[in-house]
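Please keep the structure in view while reading.

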Protein chains: 2
Amino acid sequence: MRSSEPRAAARSAPTIGSVAEVAGVSRATVSRAFTRPQMLRPETVEKVRDAARRLGYVPNPAAKALSTGRFGNLAMVVPDIANPYIPPMISAVEEQADAAGFAVFLGNSAEDPAREDLLLRKLTPQVDGFVLAASRMGEDVIRRHAQARPLVLVNRDIEGIPRVLIDTAGGVAQAVEHLAGLGHRRLAYLSGPPHSWANAQRRRAVKRTGDKLGLEVVTLPARLSSHDAGRQAVGALLESGATAVVAFDDLLAQGVLAGLAERGIRVPGEFSVAGCDDVLAAQTFPPLTTVSARAREAGATAVELLTSRLGSGGGAMSDVRVMLDTTLVVRATTGPRPV
Amino acid sequence: MRSSEPRAAARSAPTIGSVAEVAGVSRATVSRAFTRPQMLRPETVEKVRDAARRLGYVPNPAAKALSTGRFGNLAMVVPDIANPYIPPMISAVEEQADAAGFAVFLGNSAEDPAREDLLLRKLTPQVDGFVLAASRMGEDVIRRHAQARPLVLVNRDIEGIPRVLIDTAGGVAQAVEHLAGLGHRRLAYLSGPPHSWANAQRRRAVKRTGDKLGLEVVTLPARLSSHDAGRQAVGALLESGATAVVAFDDLLAQGVLAGLAERGIRVPGEFSVAGCDDVLAAQTFPPLTTVSARAREAGATAVELLTSRLGSGGGAMSDVRVMLDTTLVVRATTGPRPV
DNA sequence: TCATGGTGTGCAACCGGTTGCATGTCAACG
DNA sequence: CGTTGACATGCAACCGGTTGCACACCATGA
């Protein structure tokens, strides 16, 4: 038999109306059976739920959003999904949001502030809030968006906006102490993206701790965080006279490892390497000494902050700034200073 | 001064009504100025657009969705974001969807078919279509969802449902030929997730090609795709008497590399290792011989299929099955059979 | 017996767009 | 000069929920 549907897409989705009809009540009652059951006689609720179940009724979120102004959606925007640092955070956000009954939009800004801004603007009218990971946008732009929707930052420190910061300074300082304890006297810091909050934080921690312990510290630039950049930095690293390096992140550190291996320099026998973020670090050989990341926790915490704020009807809580501290994880790429 | 807003959240978002008022036209005209401008006098369109711009008007997608039944959203559901194979695909999907004017929901099923089903059910009422990567759901369940919304599969082969398959069989066969050419006579295949389409495909390709070339092939199980599983498989690998291994994917291969290194077995001097997917493979040391992945292309193609189908009003095209073939990338973990 | 009040349900308006149809205007034509 | 029709715009219903208010019902106390 031919399809007798009026439209192309056979969207015979049952509505609140059909449920009402089957249950023999009004549409209002059906609505209340789901949103305010305590307002109804228990047997009425049961009757409605039963009808709904039989019809396979699923409430239409668009309609709900239209009348309530709440969407049940969050958006997470990241600078680069491909950076291995990010997926665990996304995963945690998704999990936590799901548990709180939210679905999550994912946006990828490709490190471009303008793109990020555009994304937020397009997402705003269908989400209840945002999680912005390592946002690249200007402070004023972020502030403007925060006015339109509740917004939580990860690894970006703006006063007055709730934020979760992974304090790698502590872990990096431990790495420096660890290396000093192994007898190293001259240390290199291989830096990451120039405008990154995390890079500034780590560079400072290396410098300060090195100074305190009386080490010589040289800082080497790396254009960006990548394996190749790390490998290419090995020449400068060796010329610098350092016997150990702390790299901005694990990607760089792994590049350094590869570069050293190519030149036949043994790790940790002749050179020590420490990374940061604990990303795939246990999976290199030798396993990389690094600073734990806690990216998952950061994501989960951000969503908690967001949903609790949404629950409380947007009552702005006082300035929230969560610091997650980190510790060094010693594996096999650091050892005593070569003699 | 105190806030004089009626509600807690100051949502003074301009609506079609306010634009109409400012422009001095009816709401219908404002709507048409955006959706059917050719229906209006050009100067009217200009007048309306101008008013909208001044007010910062952004159409409310929930309202639009409610009246049109179209949402402007897609959903991508993956089994595990943390698997490095996935992010590039997500990234491509996001990019392509964005270009076509869609926002994308991300869902993570955590390899659990029931969770995946639930996710789809919850997302269905606010998306126009789905991209399912390596779905773990039963064929009948997938078919049911495909009835509710257009749906494209990646790396899952179900007749009648549009799908994009990364044909690693070709690349894997090349890997076997490569190893045979290097003199290896006994070969191991280290298998991946038991219910995975990709695993079956690869295992078959190794077996068939090995048989053709007169090699002995042993298949070793690995519970899942992980670094640890690979490392733990090294014992069985060595006992098997093989001199080379093709692993289900790069994660496993890298685990094998680590396990071999721990035992002081040189690669490729004493043992050859090939992976699959080209994920971080260039970043190990030595760089891994592997089969190229094309995950990005798969994602992009899936979205193209989806959007073109959405554009054509759901007119079901005939059975679509896109195969992306792959090739071997020889790097430094494969060498001549040890003597 | 009647006012009283609490309880459960329905009516109808509303959220912000879209769209079929009616209306008004104006130029072209007989 | 009246008719016709193309074109631009407005009116009002509708999408599928939510919610303030009215109402009916019933038990209670005077």
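## Helices H5 and H13 of chain B

In this predicted model, H5(B) passes H13(B) in a crossing that is right-handed. The two elements are helix H5, residues 87–99 of chain B, and helix H13, residues 295–311 of chain B, and their axes come within 7 Å while crossing at roughly 35°.

On the side of H5(B), the contact is made by Pro88(B), Met89(B), Ile90(B), Ser91(B), Ala92(B), Val93(B), Gln96(B) and Ala97(B). These residues face a set in H13(B) that includes Ala295(B), Arg296(B), Ala298(B), Gly299(B), Ala300(B) and Val303(B).

## Helices H8 and H9 of chain A

In chain A, helix H8 (residues 168–181) and helix H9 (residues 197–213) pack at an angle of about 35°, and their axes are 8 Å apart. The crossing in which H8(A) passes H9(A) is right-handed.

The residues of H8(A) that take part in this contact are Thr168(A), Ala169(A), Val172(A), Ala173(A), Val176(A), Glu177(A) and Ala180(A). Among the residues that they meet in H9(A) are Gln201(A), Arg202(A), Ala205(A), Val206(A), Thr209(A) and Leu213(A).

Chain A is divided into domain 1 (16–59), domain 2 (73–166) and domain 3 (167–293). The centres of domain 1 of chain A and domain 2 of chain A, taken over C-alpha atoms, are separated by 37 Å. An unreviewed UniProt entry places the feature "domain: HTH lacI-type" at residues 14–68 of chain A, and over these residues the chain is 71% helix and 0% strand, with its end C-alpha atoms 20 Å apart.

Helix H1 (residues 16–23) of chain A and helix H3 (residues 42–55) of chain A have axes that come within 9 Å and cross at roughly 120°. That angle makes H1(A) oblique to H3(A), and H1(A) passes H3(A) in a right-handed crossing. Here Ser18(A), Val19(A), Val22(A) and Ala23(A) in H1(A) meet Lys47(A), Val48(A), Ala51(A), Ala52(A) and Leu55(A) in H3(A).

## Backbone details in loops

A cis peptide bond, with omega of about -5°, joins Phe285(A) and Pro286(A). Pro286(A) has its place in the loop between strand S9 (272–274) and strand S10 (290–291) of chain A.

In chain B, the peptide bond from Val267(B) to Pro268(B) is cis, with omega near 5°, and Pro268(B) lies in the loop between helix H12 (250–262) and strand S9 (272–274) of that chain. Ala110(B), a residue other than glycine, has a positive phi near 55°, and Ala110(B) belongs to the loop between strand S2 (103–108) and helix H6 (113–123) of chain B.

## Relation between the two chains

Two copies of a chain are related by a rotation about an axis and a shift along it. In this model, chain A can be laid on chain B with an RMSD of 0.4 Å by a turn of 180° and a shift of 0.2 Å along the axis. The two copies are thus related as by a two-fold rotation axis.

Methods. Residues are numbered from 1 along each chain as its sequence is written. Chains are lettered from A and ligands numbered from 1 in the order in which they are written. This is a predicted model: local features need pLDDT of at least 70, side-chain atom pairs count only at pLDDT 80 or more; totals for chains, interfaces and linings use all residues. Domain bounds come from an automatic or database domain assignment. Copies are superposed by least squares on the C-alpha atoms of residues with pLDDT of at least 70 in both. UniProt positions are given in the numbering used here, feature names are shortened, and annotations may be inferred rather than shown by experiment. Helices (H or I, at least four residues) and strands (E, at least two) are DSSP runs, numbered from the N terminus. Axes are lines fitted to C-alpha atoms, for helices over the stretch in contact, and angles run from 0 to 180 degrees between N-to-C directions. Angles under 35 degrees count as roughly parallel, over 145 as roughly antiparallel, 65 to 115 as roughly perpendicular and the rest as oblique. A crossing is left-handed if the near helix is turned anticlockwise from the far one by less than a right angle, and right-handed if clockwise. Two residues are in contact if their C-beta atoms, placed from the backbone, lie within 7 Å.
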